[in-house]
Amino acid sequence: QLFHGDGAYWRLVEAGGDVTMTVDQMRRELRVVHHVSGSSRDGNPSDVDKVMNIVEHKQSIHGAAPFIHNPKKLVVLDGKRYLNTSVVECIKPSNQSGIWGDGFQFIAGLIDQQFDPEARCHLINWLAHFFQSALKGRLSKGTALIIVGGPKRGKTLLSNKVIGGLVGGCVDASDYLLGESNFNSEMFERAVWAIDDSLGAVNHHNRTQFTNRLKKTVANHQFKCEAKFRVPITLPWHGRIIITANDDTESLQILPNMDMTIRDKVSLLMIKGDAPVVNVANPGDLVDSELPAFAHWLQEYAIPEEVKDGRFGVEAYHDAKLLEEAVDSSPSAVFREMFSVWRKSIMADEAPEPICMTATEILNNMKGQLGPVSSSIGCTKEQTLGRRLTALSRLEPTWLKKTKSGGIVRYTVFP
(Lines give C-alpha, C1' and ligand atoms only; values in the text may rest on other atoms or scores of the structure.)
Protein backbone atom coordinates (compact mmCIF):
# COMPACT_ATOMS: atom_id res chain seq x y z
CA GLN A 1 0.00 0.00 0.00
CA LEU A 2 1.10 3.56 -0.74
CA PHE A 3 0.54 6.65 1.42
CA HIS A 4 1.46 10.32 1.40
CA GLY A 5 2.09 12.65 4.32
CA ASP A 6 4.70 14.54 6.30
CA GLY A 7 6.31 15.64 3.02
CA ALA A 8 7.03 12.11 1.81
CA TYR A 9 5.53 9.00 0.26
CA TRP A 10 5.32 5.77 2.20
CA ARG A 11 5.20 2.14 1.10
CA LEU A 12 4.34 -0.73 3.41
CA VAL A 13 6.60 -3.75 3.22
CA GLU A 14 5.08 -7.24 3.26
CA ALA A 15 7.48 -8.43 5.96
CA GLY A 16 6.44 -5.49 8.14
CA GLY A 17 7.66 -1.94 8.41
CA ASP A 18 7.71 0.77 5.80
CA VAL A 19 9.89 2.54 3.26
CA THR A 20 10.00 6.34 2.94
CA MET A 21 10.25 7.70 -0.60
CA THR A 22 10.88 11.07 -2.21
CA VAL A 23 8.86 12.24 -5.23
CA ASP A 24 11.46 10.83 -7.65
CA GLN A 25 11.62 7.55 -5.79
CA MET A 26 7.84 7.31 -5.85
CA ARG A 27 7.76 7.88 -9.62
CA ARG A 28 10.39 5.18 -10.14
CA GLU A 29 8.48 2.83 -7.81
CA LEU A 30 5.30 3.22 -9.86
CA ARG A 31 7.07 2.76 -13.18
CA VAL A 32 9.33 -0.17 -12.29
CA VAL A 33 7.39 -2.10 -9.64
CA HIS A 34 3.78 -1.35 -10.59
CA HIS A 35 4.36 -0.87 -14.36
CA VAL A 36 2.51 2.45 -14.44
CA SER A 37 3.27 4.55 -17.49
CA GLY A 38 5.16 7.76 -16.91
CA SER A 39 4.59 9.10 -20.42
CA SER A 40 2.23 11.98 -21.03
CA ARG A 41 0.43 12.72 -24.28
CA ASP A 42 -0.85 16.01 -25.65
CA GLY A 43 0.00 17.75 -22.40
CA ASN A 44 -2.25 15.45 -20.35
CA PRO A 45 -1.07 14.08 -17.01
CA SER A 46 0.71 10.74 -17.16
CA ASP A 47 -0.64 7.66 -15.46
CA VAL A 48 2.10 8.09 -12.84
CA ASP A 49 0.90 11.63 -12.10
CA LYS A 50 -2.69 10.39 -11.83
CA VAL A 51 -1.75 7.64 -9.36
CA MET A 52 0.34 10.03 -7.28
CA ASN A 53 -2.57 12.47 -7.16
CA ILE A 54 -4.89 9.69 -5.96
CA VAL A 55 -2.39 8.65 -3.27
CA GLU A 56 -2.00 12.27 -2.11
CA HIS A 57 -5.75 12.73 -1.71
CA LYS A 58 -7.13 9.27 -0.94
CA GLN A 59 -4.19 7.85 1.01
CA SER A 60 -3.13 10.93 2.93
CA ILE A 61 -1.70 10.59 6.45
CA HIS A 62 -0.55 13.19 8.95
CA GLY A 63 2.68 11.32 9.62
CA ALA A 64 4.22 8.01 10.58
CA ALA A 65 5.26 6.73 13.99
CA PRO A 66 5.62 3.48 15.95
CA PHE A 67 2.48 2.43 17.84
CA ILE A 68 3.90 -0.65 19.54
CA HIS A 69 1.74 -3.74 19.98
CA ASN A 70 -1.10 -2.16 18.04
CA PRO A 71 -2.11 -4.44 15.13
CA LYS A 72 -3.62 -1.57 13.10
CA LYS A 73 -1.43 -0.21 10.30
CA LEU A 74 -3.42 3.04 10.23
CA VAL A 75 -3.98 4.61 13.63
CA VAL A 76 -6.23 7.57 14.32
CA LEU A 77 -4.83 9.84 17.05
CA ASP A 78 -6.54 13.13 17.97
CA GLY A 79 -8.54 12.95 14.75
CA LYS A 80 -5.46 12.51 12.53
CA ARG A 81 -4.36 9.42 10.62
CA TYR A 82 -0.89 8.01 11.20
CA LEU A 83 0.93 5.14 9.56
CA ASN A 84 2.00 2.65 12.21
CA THR A 85 5.66 1.88 11.52
CA SER A 86 6.12 -0.54 14.42
CA VAL A 87 7.31 -4.05 13.57
CA VAL A 88 7.62 -5.20 17.19
CA GLU A 89 5.72 -8.37 18.03
CA CYS A 90 5.29 -10.56 21.07
CA ILE A 91 6.87 -13.97 21.07
CA LYS A 92 4.37 -16.47 19.67
CA PRO A 93 3.13 -18.81 22.43
CA SER A 94 3.59 -22.54 21.87
CA ASN A 95 1.13 -25.29 22.77
CA GLN A 96 2.34 -26.65 26.09
CA SER A 97 0.50 -28.34 28.93
CA GLY A 98 0.20 -25.19 31.02
CA ILE A 99 2.17 -26.62 33.96
CA TRP A 100 4.76 -24.33 35.56
CA GLY A 101 8.15 -25.15 34.07
CA ASP A 102 6.85 -27.40 31.29
CA GLY A 103 9.01 -26.45 28.32
CA PHE A 104 10.73 -23.61 30.21
CA GLN A 105 12.60 -25.39 32.96
CA PHE A 106 15.55 -22.96 32.94
CA ILE A 107 13.36 -19.81 33.13
CA ALA A 108 11.16 -21.31 35.87
CA GLY A 109 14.24 -22.37 37.84
CA LEU A 110 15.77 -18.93 37.45
CA ILE A 111 12.68 -17.20 38.87
CA ASP A 112 12.16 -19.79 41.64
CA GLN A 113 15.78 -19.49 42.79
CA GLN A 114 15.92 -15.71 42.57
CA PHE A 115 12.90 -14.68 44.63
CA ASP A 116 11.08 -15.59 47.81
CA PRO A 117 7.45 -16.74 47.35
CA GLU A 118 5.86 -13.30 47.86
CA ALA A 119 8.21 -11.50 45.47
CA ARG A 120 7.91 -14.34 42.95
CA CYS A 121 4.10 -14.06 42.97
CA HIS A 122 4.29 -10.34 42.33
CA LEU A 123 6.72 -10.75 39.45
CA ILE A 124 4.48 -13.33 37.80
CA ASN A 125 1.36 -11.18 38.24
CA TRP A 126 3.18 -8.10 36.95
CA LEU A 127 4.60 -9.96 33.96
CA ALA A 128 1.31 -11.69 33.10
CA HIS A 129 -0.54 -8.35 33.05
CA PHE A 130 2.15 -6.85 30.81
CA PHE A 131 2.42 -9.76 28.37
CA GLN A 132 -1.31 -10.49 28.10
CA SER A 133 -2.15 -6.89 27.21
CA ALA A 134 0.66 -6.72 24.64
CA LEU A 135 -0.41 -10.03 23.09
CA LYS A 136 -3.97 -8.75 22.73
CA GLY A 137 -2.73 -5.62 20.94
CA ARG A 138 -3.97 -3.33 23.73
CA LEU A 139 -0.87 -2.54 25.78
CA SER A 140 -1.94 -1.21 29.19
CA LYS A 141 -0.07 0.71 31.87
CA GLY A 142 1.89 -0.88 34.69
CA THR A 143 4.38 -0.03 37.41
CA ALA A 144 8.11 0.35 36.91
CA LEU A 145 10.13 -2.62 38.18
CA ILE A 146 13.39 -2.37 40.13
CA ILE A 147 15.31 -5.62 40.65
CA VAL A 148 18.23 -5.65 43.11
CA GLY A 149 20.57 -8.54 43.79
CA GLY A 150 24.13 -9.77 43.92
CA PRO A 151 26.42 -9.89 40.86
CA LYS A 152 25.86 -12.64 38.28
CA ARG A 153 22.47 -13.60 39.74
CA GLY A 154 20.64 -13.19 36.41
CA LYS A 155 19.12 -9.72 36.87
CA THR A 156 19.94 -8.47 33.38
CA LEU A 157 19.14 -11.88 31.90
CA LEU A 158 15.66 -11.69 33.43
CA SER A 159 15.13 -8.06 32.45
CA ASN A 160 16.46 -7.98 28.90
CA LYS A 161 16.22 -11.55 27.65
CA VAL A 162 13.18 -12.98 29.47
CA ILE A 163 10.90 -9.95 29.89
CA GLY A 164 12.23 -8.01 26.92
CA GLY A 165 12.24 -11.13 24.76
CA LEU A 166 8.57 -11.79 25.44
CA VAL A 167 7.50 -8.40 24.04
CA GLY A 168 9.94 -7.82 21.20
CA GLY A 169 13.07 -6.50 22.88
CA CYS A 170 14.23 -3.60 25.03
CA VAL A 171 16.12 -0.32 24.68
CA ASP A 172 18.55 1.45 27.02
CA ALA A 173 16.76 4.43 28.59
CA SER A 174 19.54 5.54 30.94
CA ASP A 175 20.22 8.88 29.24
CA TYR A 176 16.58 9.90 29.29
CA LEU A 177 15.88 9.03 32.92
CA LEU A 178 19.11 10.72 33.98
CA GLY A 179 17.99 13.90 32.24
CA GLU A 180 20.80 13.77 29.68
CA SER A 181 18.48 13.52 26.66
CA ASN A 182 14.86 13.96 25.57
CA PHE A 183 12.56 11.32 24.17
CA ASN A 184 13.63 9.94 20.79
CA SER A 185 11.92 7.69 18.29
CA GLU A 186 14.13 4.68 19.10
CA MET A 187 12.73 4.53 22.63
CA PHE A 188 9.16 4.32 21.32
CA GLU A 189 9.98 1.30 19.18
CA ARG A 190 10.32 -0.98 22.22
CA ALA A 191 7.95 -1.82 25.06
CA VAL A 192 10.73 -2.21 27.65
CA TRP A 193 13.01 0.64 28.69
CA ALA A 194 15.93 -0.90 30.57
CA ILE A 195 18.50 0.62 32.92
CA ASP A 196 21.37 -1.49 34.22
CA ASP A 197 23.37 0.02 37.13
CA SER A 198 23.54 3.34 35.30
CA LEU A 199 23.37 5.92 38.06
CA GLY A 200 26.40 5.05 40.17
CA ALA A 201 27.22 7.70 42.73
CA VAL A 202 24.69 10.49 42.36
CA ASN A 203 23.97 13.68 44.25
CA HIS A 204 20.60 14.70 45.61
CA HIS A 205 19.80 16.84 42.57
CA ASN A 206 20.39 14.00 40.09
CA ARG A 207 18.47 11.55 42.22
CA THR A 208 15.52 13.93 42.51
CA GLN A 209 15.57 14.48 38.75
CA PHE A 210 15.71 10.73 38.18
CA THR A 211 12.79 10.17 40.57
CA ASN A 212 10.67 12.85 38.91
CA ARG A 213 11.27 11.49 35.41
CA LEU A 214 10.56 7.95 36.54
CA LYS A 215 7.32 9.02 38.23
CA LYS A 216 6.11 11.09 35.26
CA THR A 217 6.93 8.38 32.73
CA VAL A 218 4.95 5.74 34.63
CA ALA A 219 2.01 8.06 35.36
CA ASN A 220 1.71 9.66 31.93
CA HIS A 221 0.71 7.84 28.77
CA GLN A 222 1.59 10.31 26.02
CA PHE A 223 5.05 11.63 25.18
CA LYS A 224 6.52 13.87 22.49
CA CYS A 225 8.51 11.85 19.99
CA GLU A 226 11.09 13.62 17.83
CA ALA A 227 12.24 11.53 14.89
CA LYS A 228 14.82 12.85 12.45
CA PHE A 229 13.30 14.53 9.37
CA ARG A 230 9.76 14.02 10.67
CA VAL A 231 7.19 16.24 12.34
CA PRO A 232 7.24 15.82 16.17
CA ILE A 233 4.26 13.84 17.41
CA THR A 234 2.79 13.13 20.84
CA LEU A 235 2.65 9.34 21.06
CA PRO A 236 0.98 6.95 23.49
CA TRP A 237 3.44 4.62 25.23
CA HIS A 238 2.30 2.06 27.80
CA GLY A 239 5.48 0.04 28.10
CA ARG A 240 7.53 -0.78 31.20
CA ILE A 241 10.65 0.61 32.82
CA ILE A 242 12.91 -2.06 34.33
CA ILE A 243 15.90 -1.10 36.45
CA THR A 244 18.46 -3.64 37.65
CA ALA A 245 21.14 -2.96 40.26
CA ASN A 246 23.64 -4.75 42.44
CA ASP A 247 23.06 -4.79 46.18
CA ASP A 248 26.13 -2.79 47.27
CA THR A 249 25.76 0.65 48.86
CA GLU A 250 26.82 2.62 45.80
CA SER A 251 24.57 0.73 43.38
CA LEU A 252 21.57 1.17 45.69
CA GLN A 253 21.73 4.91 45.07
CA ILE A 254 19.74 4.13 41.94
CA LEU A 255 16.69 3.65 44.17
CA PRO A 256 14.26 6.56 43.69
CA ASN A 257 12.98 8.78 46.49
CA MET A 258 10.15 6.54 47.67
CA ASP A 259 7.72 9.15 48.98
CA MET A 260 3.97 8.56 48.90
CA THR A 261 3.55 10.11 45.43
CA ILE A 262 5.62 7.40 43.75
CA ARG A 263 5.04 4.26 45.81
CA ASP A 264 2.09 3.10 43.74
CA LYS A 265 4.15 3.51 40.55
CA VAL A 266 7.26 1.47 41.39
CA SER A 267 7.77 -2.13 42.51
CA LEU A 268 10.92 -3.12 44.41
CA LEU A 269 12.12 -6.74 44.15
CA MET A 270 15.12 -8.16 46.01
CA ILE A 271 16.87 -11.30 44.78
CA LYS A 272 17.52 -13.73 47.64
CA GLY A 273 20.94 -13.61 49.22
CA ASP A 274 21.43 -17.34 48.68
CA ALA A 275 20.34 -17.28 45.03
CA PRO A 276 22.94 -19.21 43.00
CA VAL A 277 25.14 -17.62 40.37
CA VAL A 278 23.86 -18.21 36.83
CA ASN A 279 26.51 -20.56 35.55
CA VAL A 280 25.34 -22.16 32.31
CA ALA A 281 26.70 -21.94 28.80
CA ASN A 282 24.87 -19.50 26.52
CA PRO A 283 22.01 -18.63 28.93
CA GLY A 284 20.57 -16.15 26.44
CA ASP A 285 20.16 -18.86 23.79
CA LEU A 286 18.58 -21.13 26.39
CA VAL A 287 16.06 -18.43 27.29
CA ASP A 288 15.24 -17.85 23.61
CA SER A 289 14.46 -21.54 23.14
CA GLU A 290 12.09 -21.59 26.14
CA LEU A 291 10.27 -18.29 25.62
CA PRO A 292 7.42 -19.73 23.47
CA ALA A 293 6.51 -22.23 26.22
CA PHE A 294 6.77 -19.57 28.92
CA ALA A 295 4.62 -17.26 26.80
CA HIS A 296 1.93 -19.92 26.63
CA TRP A 297 1.95 -20.32 30.40
CA LEU A 298 1.64 -16.55 30.92
CA GLN A 299 -1.13 -16.34 28.33
CA GLU A 300 -3.21 -18.85 30.28
CA TYR A 301 -2.38 -17.49 33.72
CA ALA A 302 -5.20 -15.88 35.73
CA ILE A 303 -4.18 -12.86 37.81
CA PRO A 304 -5.76 -13.02 41.31
CA GLU A 305 -8.47 -10.43 41.86
CA GLU A 306 -7.02 -9.29 45.17
CA VAL A 307 -3.82 -7.94 43.58
CA LYS A 308 -5.45 -6.13 40.66
CA ASP A 309 -5.19 -2.36 40.45
CA GLY A 310 -7.50 -0.15 38.41
CA ARG A 311 -4.75 2.21 37.27
CA PHE A 312 -1.65 0.03 36.82
CA GLY A 313 -3.16 -3.41 36.44
CA VAL A 314 -1.35 -4.97 39.41
CA GLU A 315 -0.65 -3.35 42.77
CA ALA A 316 2.91 -2.26 43.46
CA TYR A 317 5.07 -4.45 45.68
CA HIS A 318 7.93 -3.24 47.89
CA ASP A 319 10.57 -5.43 49.45
CA ALA A 320 10.79 -4.21 53.06
CA LYS A 321 14.59 -3.86 53.14
CA LEU A 322 14.75 -2.03 49.82
CA LEU A 323 11.94 0.32 50.80
CA GLU A 324 13.71 1.12 54.09
CA GLU A 325 16.97 1.74 52.20
CA ALA A 326 15.24 4.05 49.72
CA VAL A 327 13.46 6.03 52.44
CA ASP A 328 16.50 6.35 54.71
CA SER A 329 18.73 7.59 51.89
CA SER A 330 16.19 9.98 50.41
CA PRO A 331 16.88 13.75 50.44
CA SER A 332 13.96 14.23 52.84
CA ALA A 333 15.45 11.80 55.37
CA VAL A 334 18.92 13.33 55.05
CA PHE A 335 17.45 16.81 55.48
CA ARG A 336 15.56 15.72 58.58
CA GLU A 337 18.77 14.44 60.12
CA MET A 338 20.72 17.59 59.23
CA PHE A 339 17.91 19.83 60.51
CA SER A 340 17.92 17.92 63.80
CA VAL A 341 21.68 18.56 64.21
CA TRP A 342 21.25 22.25 63.35
CA ARG A 343 18.24 22.63 65.64
CA LYS A 344 20.19 21.28 68.59
CA SER A 345 23.13 23.58 67.81
CA ILE A 346 20.98 26.74 67.96
CA MET A 347 19.14 25.55 71.07
CA ALA A 348 22.27 25.21 73.18
CA ASP A 349 21.03 27.32 76.09
CA GLU A 350 19.69 25.62 79.22
CA ALA A 351 16.25 27.18 78.75
CA PRO A 352 15.98 27.92 75.03
CA GLU A 353 13.07 29.80 73.54
CA PRO A 354 11.39 29.15 70.16
CA ILE A 355 13.06 30.98 67.28
CA CYS A 356 11.10 32.44 64.35
CA MET A 357 12.97 32.73 61.03
CA THR A 358 12.37 32.95 57.29
CA ALA A 359 13.69 30.27 54.93
CA THR A 360 16.51 32.63 53.89
CA GLU A 361 17.53 33.20 57.49
CA ILE A 362 17.45 29.47 58.22
CA LEU A 363 19.52 28.73 55.11
CA ASN A 364 22.19 31.29 56.03
CA ASN A 365 22.24 30.10 59.64
CA MET A 366 22.58 26.45 58.63
CA LYS A 367 25.51 27.34 56.38
CA GLY A 368 27.13 29.18 59.27
CA GLN A 369 26.51 26.45 61.83
CA LEU A 370 27.16 23.38 59.69
CA GLY A 371 29.63 24.77 57.17
CA PRO A 372 30.31 22.74 53.99
CA VAL A 373 28.28 19.83 55.36
CA SER A 374 25.11 21.87 54.78
CA SER A 375 25.45 21.42 51.00
CA SER A 376 24.84 17.68 51.41
CA ILE A 377 21.15 18.32 52.14
CA GLY A 378 20.62 19.40 48.54
CA CYS A 379 19.05 22.72 49.58
CA THR A 380 21.19 25.54 48.31
CA LYS A 381 18.27 27.80 47.39
CA GLU A 382 15.59 29.37 49.56
CA GLN A 383 12.76 27.98 47.42
CA THR A 384 13.99 24.40 47.72
CA LEU A 385 14.61 24.79 51.43
CA GLY A 386 11.13 26.24 51.87
CA ARG A 387 9.56 23.12 50.37
CA ARG A 388 11.65 20.88 52.62
CA LEU A 389 10.77 22.94 55.71
CA THR A 390 7.06 22.82 54.87
CA ALA A 391 7.18 19.03 54.49
CA LEU A 392 9.16 18.68 57.72
CA SER A 393 6.67 20.85 59.63
CA ARG A 394 3.95 18.32 58.78
CA LEU A 395 6.15 15.37 59.69
CA GLU A 396 7.59 16.85 62.91
CA PRO A 397 5.11 19.45 64.26
CA THR A 398 6.91 19.56 67.63
CA TRP A 399 10.09 20.69 65.87
CA LEU A 400 8.75 23.23 63.44
CA LYS A 401 5.68 25.32 62.66
CA LYS A 402 4.97 27.26 59.48
CA THR A 403 3.08 30.57 59.55
CA LYS A 404 2.33 33.27 56.98
CA SER A 405 1.67 36.92 57.76
CA GLY A 406 1.71 39.91 55.43
CA GLY A 407 2.76 37.69 52.55
CA ILE A 408 5.90 36.54 54.38
CA VAL A 409 6.36 32.88 55.35
CA ARG A 410 8.17 32.24 58.64
CA TYR A 411 9.09 29.06 60.47
CA THR A 412 9.10 28.74 64.24
CA VAL A 413 11.75 26.33 65.47
CA PHE A 414 10.93 24.78 68.85
CA PRO A 415 13.47 23.50 71.37
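Helices (H or I, at least four residues) and strands (E, at least two) are DSSP runs, numbered from the N terminus. The model is predicted, so that local features need pLDDT of at least 70 and side-chain atom pairs count only at pLDDT 80 or more, while totals for chains, interfaces and linings use all residues. Residues are numbered from 1 along each chain as its sequence is written, and side-chain values use heavy atoms, with hydrogens and water left out.

**Aromatic pairs**

The structure holds 15 aromatic pairs; rings of Phe, Tyr and Trp (its six-membered ring) pair if their centres lie within 6.5 Å, and planes under 30 degrees apart count as stacked, over 60 as edge-to-face and the rest as tilted. One of them is the tilted pair of Trp126 and Phe130, at 5.8 Å centre to centre and 55 degrees between the planes. These two residues are 4 apart in helix α4 (residues 117-135), and therefore about one helical turn separates Trp126 from Phe130. Both Trp126 and Phe130 are buried (under 20% relative accessible area; exposed is over 50%, partly exposed in between; 1.4 Å probe, protein chains only).

Trp297 and Tyr301 are stacked, because their ring centres are 5.1 Å apart and their planes lie at 25 degrees. Trp297 is buried at 12% relative accessible area, whereas Tyr301 is partly exposed at 21%.

**Salt bridges**

A search of the whole structure finds 7 salt bridges, each a side-chain nitrogen of Lys or Arg within 4 Å of a carboxyl oxygen of Asp or Glu.

Arg336 is partly exposed, at 32% relative accessible area, whereas Glu396 is buried at 16%. In the Glu305 pair, Glu305 is exposed at 58% relative accessibility and Lys308 is partly exposed at 39%. Asp288 is partly exposed at 37% relative accessible area, and Lys161 is partly exposed at 30%.
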